[in-house]
Structure formats: structure tokens, C-alpha cells
Amino acid sequence: QVRLVESGGGSVHAGGSLRLSCAASVSSYVSIKFVGWFLQAPGKAPEGLAIIRMWSYQSYYADSVKGRFTISRDSTKNTIDLLMNILKPEDTAMYYCAADITNLCSSNIRAADFGDWGQGTQVTVPS
């Protein structure tokens, strides 16, 4: 029903920037309500970073990334990007985009509200 493909990960020095992109495709009878970006460090649960409401472009951010990360949507390309600035070694993780088709999301970003996930892209910020 929903297919998500992340791209844009890589290795970047501390203080640098990366732009991740999530390409979303859906069946004709499905509509995505929210798309979110999460990171997951080895052995830890996914951590919500930012979400965007697809019809209104309203966005919410985790306190840990406010002012550093920006989520945006390009409706012409059907992509949802995450621009990450001032990257830190602790940002090193797998990054996933996820879709909520049932409108469960709120400003409290929770992985459990998202039913469809991409395969992830690795971001490494060496210390």
C-alpha cells in the first residue's frame, strides 16, 4: 500500500549538514496523513525527530533537534526531506522515514503511530 525509500545518508564531519530524502508512493485508495523521520541507534528504540502533516504542511519537532533539523515536503516530487544542520557525533544512527495513514499522530512523536517504514539510511558523524 505504502512504499517509502530513503536516500541521502553518509558520513559527515561534526558541524556539517546532510539532507535526507524520503520518496513516498501509495496505492490509489490510500492517503498518507503524516510522514515522520526517526533515528535508531544500535540496540535502542526508534527516536522521533520530526513529522509533517501532508495536507497542511504543519510540522512538529523533537526538542533535541529544534533549530537544527527542518522537515519539508516537495509535492511535485512526492518527497519528504529532512535537512540536518550542525550534526553531532551523537546523531550517528540509521535514519528512517515512516508514514501514518490512519491520522494517529500528534505533536508527541511516537513510532507506534506509524505503520509503514522505509529501509533506512545510515548517517555517521565521526567524533
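Is Phe38 buried or exposed? Phe38 is buried, because its relative accessible area is 0%; buried means under 20% relative accessible area, exposed over 50%, and partly exposed in between, with a 1.4 Å probe and protein chains only. The model is predicted, so local features need pLDDT of at least 70 and side-chain atom pairs count only at pLDDT 80 or more, while totals for chains, interfaces and linings use all residues. Residues are numbered from 1 along each chain as its sequence is written, and side-chain values use heavy atoms, with hydrogens and water left out.

**Aromatic rings**

The structure holds three aromatic pairs. Rings of Phe, Tyr and Trp (its six-membered ring) pair if their centres lie within 6.5 Å; planes under 30 degrees apart count as stacked, over 60 as edge-to-face and the rest as tilted. Phe38 and Phe114 make an edge-to-face pair, with 5.1 Å from centre to centre and 80° between the planes. This pair links distant parts of the chain, for Phe38 is in strand S4 and Phe114 in the loop between S9 and strand S10 (116-117), 76 residues apart. Strands (E, at least two residues) and helices (H or I, at least four) are DSSP runs, numbered from the N terminus. Phe38 and Phe114 are both buried.

Phe38 also pairs with Trp117: the ring centres are 4.8 Å apart and the planes stand at 50°, so this pair is tilted. Since Phe38 lies in strand S4 and Trp117 in strand S10, the pair ties together parts that are 79 residues apart in sequence. Trp117 counts as partly exposed, at 33% relative accessibility. Phe38, Tyr96, Phe114 and Trp117 form one aromatic cluster.

**Nonpolar cores**

A nonpolar core is a set of buried Ala, Val, Leu, Ile, Met, Phe, Trp, Tyr and Cys residues joined through side-chain atoms within 4.5 Å. The largest such core has 30 residues, of which Trp37, Ile80, Leu82, Met84 and Tyr95 touch the most other members. Two or more residues of this core come from each of the strands S1 (2-7), S3 (18-26), S4 (34-40), S5 (47-53), S7 (69-74), S8 (79-84) and S9 (93-100). A second, separate core of eight residues includes Ala98, Cys105, Ile109 and Phe114.

Contact means heavy atoms within 4.5 Å. Not counting residues up to four places away in sequence, Leu82 touches a set that includes Leu18, Leu20, Trp37, Leu49, Phe69 and Ile71.

**The largest pocket**

The largest pocket holds about 170 Å³ of space, where grid points are joined across faces, edges and corners and the volume is the space filled by probe spheres set on the points. Of its 16 lining residues, Leu39, Glu47, Leu49, Glu90 and Asp91 are the closest to the centre. S4 and S5 are the elements that give two or more residues to the lining.

**Individual residues**

| Residue pair | Apart in sequence | C-alpha to C-alpha |
|---|---|---|
| Gly118 and Glu6 | 112 residues | 6.4 Å |
| Ser127 and Pro89 | 38 residues | 5.3 Å |
| Ala99 and Glu47 | 52 residues | 15 Å |

Gly118 is placed in the loop between S10 and strand S11 (121-124) and is buried, with a relative accessible area of 12%. Beyond residues up to four places away in sequence, Gly118 touches Leu4, Glu6, Tyr96 and Cys97. Ser127, in the segment after S11, is exposed, with a relative accessible area of 91%.

Ala99 belongs to strand S9 and is buried, its relative accessible area being 0%. Its neighbours within four places in sequence aside, Ala99 is in contact with residues including Val2, Leu4, Phe34 and Phe114.

Tyr57, in the loop between S5 and strand S6 (59-61), has a phi near 65°, a positive value in a residue other than glycine. Ile86, in the loop between S8 and S9, has a positive phi of about 50° although it is not a glycine.

How values were computed. On a 1 Å grid over the protein atoms alone, a cavity is a set of points where a 1.4 Å probe fits but cannot get out, and a pocket is an open set with protein on both sides within 12 Å along at least five of seven lines; lining residues have an atom within 4 Å of a point.
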